[in-house]
Amino acid sequence: MSGMPWIKNVGKQLLAARCAAAQGLRVKSFDDWQPELDEALTSLPEKQLLPHGLFRSLMKTADPEKRRIRLVTEHGVPVALAGLRNRWGCWEPVAQWIVPGVLFPMKEGYAARVLAALDLEIQIGWWRWNEPPPKIDCITQITMTPTRGMALSEDFEHYWRQSSLFKNTRTAKKRCEGFELRVDVPNAAELTIRKWDAKWRQGKWGAESPDLAERLAAARCLEERGLLHTLLLFHKEEPVAGATVMIDRNDAVAHCSFRDPEYDWHWVMTRLMALMFYWAKETGLTSIDVGGSYDYKERWAPEGGEKWEFVVCPEYVRSERRISAFTEKVENSLKPRSRRSVSFNSSQS
């Protein structure tokens, strides 16, 4: 019996290899970063928001037990370098929800085949892509959420007037009289991201969330390239609200934000959101994307895109689950049924 786990792992490897071969691809796994991966990386396209240096850093510093590196080739030529992290009890691309429009370094047109060839169950966030998710059999649990955004050449104040939002922005401006907007002050991004993380984590993951270090590393890298800016609203010398904004293809993409609850009466987040629109327009950006998932964003901008979430599940995983479910059903059917005890009413005897 001691050899059974080994046999099972070999079986998984064979099934994974067959899955990759069915796509005309070959997948090679690495436990650590190797010179071969540097060579492969230089031959793959570099995304603006995920430069090769950042991707390499994220993968090299990740916990080896919670990291998977897969080099995908076609006829010996690299077509993708899949970097995956297990952060929340499931596998996901290392840049998941950190930067949009990219999973990992990969040649154009290969997403469907590469995802189908990988031998792990992976949760995917398909965010700010120019196309919908690929249509492949191994994709399950797919959901779509509208995102909100608009061109900055449009009159966004006119859109705000369609609800009470415009009036609220005027009220927030009055209540925040004397407050100051500061952009890209030292350590602003880290302050904002840490406060955002503390709010949403709410003690669930200990001192910090599993992706916080990678999120901060990405922010530092993109700041240096002028692709991430942080807007902080100050009351005197106290930051009371903040938001990071990424620049993706000359669009402003709202990302992490926080507010000090002690300043809720001042409507500091409403004030900061409005200032973000004005700042983005004055900066010469093309459009603004405030994201989705929350109803309040409908009042800020019309529907402007889609955010998809789905799971890539290899065939062998689905086969294992079907076999397991069938086995459990058979075992349950073979269990002896407990005899029902019948009670009689003595008055009817």
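Among contacts in the chain between residues at least 6 apart in sequence, what share join residues at least 24 apart? In this predicted model the figure is 72%, where a contact means heavy atoms within 4.5 Å.

Some ground rules before the details. This is a predicted model, in which local features need pLDDT of at least 70 and side-chain atom pairs count only at pLDDT 80 or more, while totals for chains, interfaces and linings use all residues. Residues are numbered from 1 along each chain as its sequence is written, and side-chain values use heavy atoms, with hydrogens and water left out.

The secondary structure comes to 10 helices and 12 strands. Helices (H or I, at least four residues) and strands (E, at least two) are DSSP runs, numbered from the N terminus. Of the 349 residues, 46% count as buried. Buried means under 20% relative accessible area, exposed means over 50%, and partly exposed is in between, with a 1.4 Å probe and protein chains only.

Axes here are lines fitted to C-alpha atoms, for helices over the stretch in contact, and angles run from 0 to 180 degrees between N-to-C directions. The crossing of H2 and H3 is right-handed. Right-handed means that the near helix is turned clockwise from the far one by less than a right angle, and left-handed means anticlockwise. H2 contributes Asp38, Leu41 and Thr42 to the contact, and H3 contributes His52, Phe55 and Arg56. By class, the contact has two nonpolar, two polar and two charged residues. Ala, Val, Leu, Ile, Met, Phe, Trp, Tyr, Cys and Pro count as nonpolar, Asp, Glu, Lys and Arg as charged, and the others, Gly among them, as polar.

Staying with helix H2, Ala40 lies in it. Ala40 counts as buried, at 4% relative accessibility. Not counting residues up to four places away in sequence, Ala40 touches Leu71 and Pro78. Ala40 and Leu81 are 41 residues apart in sequence, and their C-alpha atoms are 7.6 Å apart in space.

The second pair is H6 and helix H9, the latter being residues 268-283. They pack at an angle of about 105 degrees, with their axes 8 Å apart. That makes H6 roughly perpendicular to H9. On the H6 side the contact is made by Asn168, Thr169, Arg170, Ala172 and Lys173, and on the H9 side by Thr270, Arg271, Ala274 and Tyr278. Sorted by class, there are three nonpolar, three polar and three charged residues.

Where does Thr169 sit, and is it buried or exposed? Thr169 is found in helix H6, residues 165-175, and it is buried, with a relative accessible area of 2%. Leaving out residues up to four places away in sequence, Thr169 touches Trp160, Thr270, Ala274 and Trp300.

Glu92 is in strand S4 and counts as buried at 4% relative accessibility. Its side chain makes a polar contact with the side chain of Arg87, at 2.6 Å. A polar contact is a pair of N or O atoms within 3.5 Å; within protein, one must be able to donate a hydrogen and the other to accept it, and residues adjacent in sequence count only if both atoms are side-chain atoms. Beyond four places in sequence, the contacts of Glu92 include Gly83, Leu84, Ile122 and Gln123.

Asp248 is in strand S9, residues 238-248, and is buried, with a relative accessible area of 7%. Its side chain makes a polar contact with the side chain of Arg128, at 2.8 Å. Setting aside neighbours within four places in sequence, Asp248 is in contact with Leu49, Pro100, Arg128 and Val253.

Last, backbone angles. Most residues other than glycine have a negative phi. Phi of Trp97 is near 60 degrees, a positive value. Trp97 lies in the loop between strand S4 (91-93) and helix H4 (111-117). Phi of Asn250 is near 65 degrees, also positive, and Asn250 is found in the loop between S9 and strand S10 (251-259). Trp97 is partly exposed at 30% relative accessibility, and Asn250 is partly exposed at 33%.

Definitions and conventions:
Angles under 35 degrees count as roughly parallel, over 145 as roughly antiparallel, 65 to 115 as roughly perpendicular and the rest as oblique.
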